[in-house]
Amino acid sequence: MCQDKEQIVTVINVYCPRADPEKPERKQFKLQFYKLLQCRAEALLKDGSNVIVLGDVNTSHRQIDHCDPSDIEDFGANPGRKWLNGFLHGSRQEEKIEEEEEEESEVTSTEPVNSGKFVDTFRYFHPTRTNAFTCWSTLTGARQTNYGTRIDYIFADSQFVKEQFVAADIMPEVEGSDHCPVWGQLSCSLLPSSKPPPLCTRYLPEFAGKQQKLSRFFVKVDQKSIQSEPRDALPGSQEEEESRENLNPVGALQGFGKKRLLTSDAAVPKGKKTKMVKSSSKPQGSVLSFFKPKLTNAVRSTEAPEQSEVTSSQNSPKTPTTSKEVSLVTSRVPEDTELCTSSTTEESETQMNRKHLTSQPSVGNSHSNKKGASLVFWKSILHGPPPPPSCKVHGEPCVLRTVKKEGPNMGKQFFVCCRPQGHASNPEARCNFFMWVEKGK
């Protein structure tokens, strides 16, 4: 509702493709997407509707919208930027800035500059603001140094911007993504349309009969009514088996369960019994017990009857036991049985001292020696990585990175400065320290 008169406004919320440098065909796909987007927007405008195009366009328009434009060769020659020049209509102040940027970069172009029908609302209200970015790399921590680009826009036709837009800005303080929100404010009040426009997504063939409104996610739907509804034919590209599963998911799941059951039954050979693993409530004990030699007559000190057997065997006249033998048994049992074994040996010591009057080594010293030995043992096996080098500029420990890009260095590791990426003139940003990790380290 604009000045007591109803006008139509169409909003195109869009994500434009990203051009992957390693896939040349993606660049052509991106340009075709741009051209189709422009044809759609200008056709709606010609049909009498005001048009707003907003979203992630994936191209920074001018040098002022990029953190380091001098680092990019032929900045203005980028096809995406040439398209934006033809799609957008700039103010005189913007055109003046554009001319200055072209003089600095010494780029001459015959392409029309800012001759389009749409306006970048942010630059309409803030034509000279610098360091205004909406996207930062999360891999390099570039948001900490505001080393980013402005690729999220709100475009609108020039007449609508002049008459109805009050303000537009970005919100870099809002975190939670590698992008930040952008907003625009209108002076007119918005009224709901009686029906969506003919080119709305809900009318596209691939979405017909499926999700219509967001409210369907919050309403309990009767499954019987869904099953009774007539179903549209599935796309011909799907195979017959997939079609059956889509049409009758419950039956498909039941069949799947039967197939799995038959497969599991067939997997067990006839005449063979399966092993049943008994679960034990007893503690497993120390991991070191796996590395010690097993004793033939091991002492099971966790059970009381076995303790009495050890005592009686030690007191038996047929098998006289010396203090040396007792200490040997004590030192060879696992650590988790040490407490009980020590109590058994103490009883035997009392009896043996009466006969032989010999002294027994203390259990405390044996425990500390074993602890020190186990520490040396684990250190010899599990030695950590060497300490990282320090960067030359900041003197701080570097971080380890791995090459993931396909090529001869794929999988190799290297050290770089731990600070976030930033402009070369920023002392708080990452320095240019780089060092490959040597093999075997």
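Reply: Start with the nonpolar core: a set of buried Ala, Val, Leu, Ile, Met, Phe, Trp, Tyr and Cys residues joined through side-chain atoms within 4.5 Å. Buried means under 20% relative accessible area, exposed over 50%, partly exposed in between (1.4 Å probe, protein chains only). This is a predicted model: local features need pLDDT of at least 70, side-chain atom pairs count only at pLDDT 80 or more, and totals for chains, interfaces and linings use all residues. Residues are numbered from 1 along each chain as its sequence is written, and side-chain values use heavy atoms, leaving out hydrogens and water.

Me: In the largest nonpolar core, which residues touch the most other members?

Reply: Ile12, Val53, Val57 and Phe155 do, in a core of 17 residues. Strands E1 (9–15), E2 (50–56) and E6 (152–157) and helices H1 (24–46) and H2 (79–87) each supply at least two residues. H1 gives the most, with four. Helices (H or I, at least four residues) and strands (E, at least two) are DSSP runs, numbered from the N terminus.

Me: What is Val53 in contact with, leaving aside neighbours within four places in sequence?

Reply: Contact means heavy atoms within 4.5 Å. For Val53 the partners are Ile12, Val14, Leu37, Ala41, Tyr153, Ile154 and Phe155. Another core lies apart from the largest one; it has nine residues, including Trp136 and Cys180.

Me: Which residues of H2 are buried?

Reply: Gly80, Arg81, Trp83, Leu84, Asn85 and Phe87. Look at the charged end of Arg81 too: it sits over the ring of Phe75, 3.6 Å from the ring centre. The test is NZ of Lys or CZ of Arg within 6 Å of the ring centre and within 35 degrees of the ring normal.

Me: How do I read two aromatic rings?

Reply: A pair is described by the distance of the centres and the angle of the planes. Rings of Phe, Tyr and Trp (its six-membered ring) pair if their centres lie within 6.5 Å; planes under 30 degrees apart count as stacked, over 60 as edge-to-face and the rest as tilted. The whole structure has eleven aromatic pairs. Trp83 and Phe87 have ring centres 4.8 Å apart and planes at 15°, so they are stacked. Both lie in H2, four residues apart, about one turn of the helix.

Me: Are the rings of Phe160 and Phe165 stacked or edge-to-face?

Reply: Edge-to-face, because their planes are at 85°, with centres 6.0 Å apart. Phe160 is buried at 3% relative accessibility, and Phe165 is buried at 9%.
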